[in-house]
2 protein chains.
Amino acid sequence: MIPTMHDVARVAGVSIKTVSNVINDFPHVRPSTRMRVLSAIEQLGYRPNLSARGLRSGRTGVIGLAVPELRQNYFAELADSIIRAAEKHDLGVLVEQTSGDRDREIAVVTGAGRLRLTDGLLFSPERLGQDDRHLLRPTFPFVLLGERIFGGPTDHVTMHNVSSAKAAVEHLLGIGRRRIALIGAHPDQREEVRPADLRLRGYKAALEAAAIPVDPQLIRAVAPWHRENGAEAMRDLIAAGIPFDGLFALNDTLALGALRALGEAGWRVPDDVAVIGFDDIDEARFSVPSLSSVDPGRDEIAETAVELLVERINERDDERLPPLLVKSEFRIVARESTGFGRSS
Amino acid sequence: MIPTMHDVARVAGVSIKTVSNVINDFPHVRPSTRMRVLSAIEQLGYRPNLSARGLRSGRTGVIGLAVPELRQNYFAELADSIIRAAEKHDLGVLVEQTSGDRDREIAVVTGAGRLRLTDGLLFSPERLGQDDRHLLRPTFPFVLLGERIFGGPTDHVTMHNVSSAKAAVEHLLGIGRRRIALIGAHPDQREEVRPADLRLRGYKAALEAAAIPVDPQLIRAVAPWHRENGAEAMRDLIAAGIPFDGLFALNDTLALGALRALGEAGWRVPDDVAVIGFDDIDEARFSVPSLSSVDPGRDEIAETAVELLVERINERDDERLPPLLVKSEFRIVARESTGFGRSS
DNA sequence: GTGAAAGCGCTAACAT
DNA sequence: ATGTTAGCGCTTTCAC
């Protein structure tokens, strides 16, 4: 049988309370008693039952992370960072994939599904949007990630989409490019608050500031942001015969697909076209040529999100703070695809 | 307050047992009673407390997955597949990263740490090896992944390393390559049971079968299998001036790094050097040129591993079956880097 | 077909 | 500084 606290108490010749005190580092325990308990624990191979502890304390020590899918590099790296950040708070992370399924995203935010064993939830939506804001009810500790929903009733950690996209385009302008294409716009072309729309807005703002007219032919809609779609959009653009000397891809995956299509077509990067992506995934450093990108501050996002969640978990109901919006710092990472050296 | 079963029972005008019966789809409940209970649940927004259920039943409905780190593509894709496979069994997945830290791997296999809230563990070691076999004590449901430890006392799901590596080299031989380099051998060059050693053995076997002598100069040690190290090994090999016309990289990440180094040096792939990797990560389809690889059957590994774990979880102590070793089917995926078309 | 009650292993009053 | 005890919310005999 698996030993319980009672067994430990019996072996150590103390009460169960003392065992609990030792385990939870309660201060007032005589060193000799502590030693006896510790050796009993060792001897029996005792491990606290976390379900019992969870039942009693109302805490499981686990938080949930819901992302579209881990095979997308960005989310794998985000999950990696979040798991590391959670470790510092001694929290485990239960990872749920919503797989681009709206109903699953709804199930997740409404607290259904497997994630109920958790103390709180980090959620990165891919289908829910601004109109679904009302679904986010702060009935449990919850931190929103990403840039599809703004102004909701929960904490939110995101990036400076508009200004960092603007900076990316300014980077291309800075190396003399004037005909800058964009791939990854949202197919419906509405101006909403989605990453695609915000980054497109940054693109337009940069061109406008440089007094360069926006050419709609250079703006290509792509969804979803998969590599093959990036390649396809690039092939279309090339086939259309519209001249361009710069490319802003709304994420790195698209950019890598585009790089491939440019390579196939015999275009040289950055000589013929300078390319910049967005996200700064690990892979950007190792493509041929290496890919310039926008580092949106993923580690910072992860740490901030976990910290906010922990605060919400520890918050008492009668002292609840208003929802917080945090935007991480970004930076432009210049690599070969915009004519810079091999350094990362 | 969060409603409990008692509240539901009160509202529905039944006993707590009946509520439990309804929730657990117990057959003998009168339809009218069931309806009353269901609407009470709806009305109160009742959700079962999983900690209580876990305490009572001894099951949490969560399994642990311990991998080195998710930012490595292979593990992100493995985690993705495993989470999907676990879903089918209605299990959540708590993901732990061991970060290439031996002590953390030991903590994980001995059942310490955060993973105690789980019903069982899937473990993919990166540091523990054959000599640590004794640490794997089947005191809880456990399935080993990967190819660093064989003959242990637990179930094990792995791939056909030797024969699939042999097939990869045969693929290169089949397109007429005779001077085939290998990158990713283990630096200590001992013949152990590690992926590097097993795949190296497959390489040698293929050459031997083709009556081609093994040239030690063509075998490059690399550790760890990171992209930059693959690039570096390739640069070294090129700098050494040893002629070669084929390359077998022991995983895709190395191969992609090598591809980059070949590109830098102005070598054409596959014309000058045909390249094949191992793992068939998503990225292999989209590199320039696309990368031929060995698909080790990752989805199959994930599904088999979860199934074995579920069986172990459901197994009674007095009917325990001997440990099982399962090897997934592999296949060679020929792409541009070995002269084949753009199809995946 | 439904109810009453015990108890899973732990924590936290409260008592000593 | 340590012991006693009452639950946390659920499942599960065992009655009826």
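A salt bridge is defined here as a side-chain nitrogen of Lys or Arg within 4 Å of a carboxyl oxygen of Asp or Glu. By this criterion, a search of the whole structure gives 53 salt bridges over all chains. The model is predicted, so that local features require pLDDT of at least 70 and side-chain atom pairs pLDDT 80 or more, while totals for chains, interfaces and linings use all residues. Residues are numbered from 1 along each chain as its sequence is written, chains are lettered from A and ligands numbered from 1 in the order in which they are written, and side-chain values use heavy atoms, without hydrogens and water.

One of the salt bridges pairs R84(A) with E69(B), with 2.9 Å between the closest N and O atoms. Because R84(A) belongs to helix α5 (residues 73-88) of chain A and E69(B) to the loop between β1 (62-67) and α5 (73-88) of chain B, this pair joins two chains. Helices (H or I, at least four residues) and strands (E, at least two) are DSSP runs, numbered from the N terminus. Accessibility is described in three classes: buried (under 20% relative accessible area), exposed (over 50%) and partly exposed (in between), computed with a 1.4 Å probe on protein chains only. R84(A) is partly exposed at 25%, whereas E69(B) is buried at 17%.

A further salt bridge, with an N to O distance of 3.1 Å, connects R179(A) and D215(A). R179(A) lies in the loop between α7 (161-174) and β6 (180-185) of chain A and D215(A) in the loop between α8 (195-209) and β7 (219-221) of chain A, so the pair ties together parts that are 36 residues apart in sequence. With a relative accessible area of 28%, R179(A) is partly exposed; D215(A), at 16%, is buried. In chain B, R104(B) and E96(B) form a salt bridge at 3.2 Å between the closest N and O atoms, and E96(B) is buried at 8%. A network of salt bridges links E69(A), R71(A), D80(B), R84(B) and D282(B).

A residue counts as near a strand if one of its heavy atoms lies within 4 Å of it. Of the 24 residues around DNA strand C, those that come nearest are M5(A), Y46(A), R53(A), S15(B) and T33(B). Sugar and phosphate make up 65% of the atoms of DNA strand C that come within 4 Å of the protein. The surface near DNA strand C comprises nine nonpolar, eight polar and seven charged residues. Helices α2 (16-23) and α4 (50-57) of chain A and α2 (16-23) and α4 (50-57) of chain B each supply at least two residues of this surface, and α4(A) gives the most, with four residues.

A phosphate oxygen of DNA strand C is 2.3 Å from an N or O atom in the side chain of Y46(A). A polar backbone atom of A52(A) is instead 3.5 Å from a base nitrogen of DNA strand C.

Helix α3(B) was also examined. Within α3(B), T33(B), V37(B), A40(B) and I41(B) are buried. These buried residues fall within an arc of 100° (taken from the directions from the helix axis to the C-beta atoms) when seen down the axis of α3(B), so they line one face of the helix. On the other side of α3(B), P31(B), M35(B), E42(B) and Q43(B) are exposed.

Technical notes
A polar contact is a pair of N or O atoms within 3.5 Å; within protein, one must be able to donate a hydrogen and the other to accept it, and residues adjacent in sequence count only if both atoms are side-chain atoms. Ala, Val, Leu, Ile, Met, Phe, Trp, Tyr, Cys and Pro count as nonpolar, Asp, Glu, Lys and Arg as charged, and the others, Gly among them, as polar.
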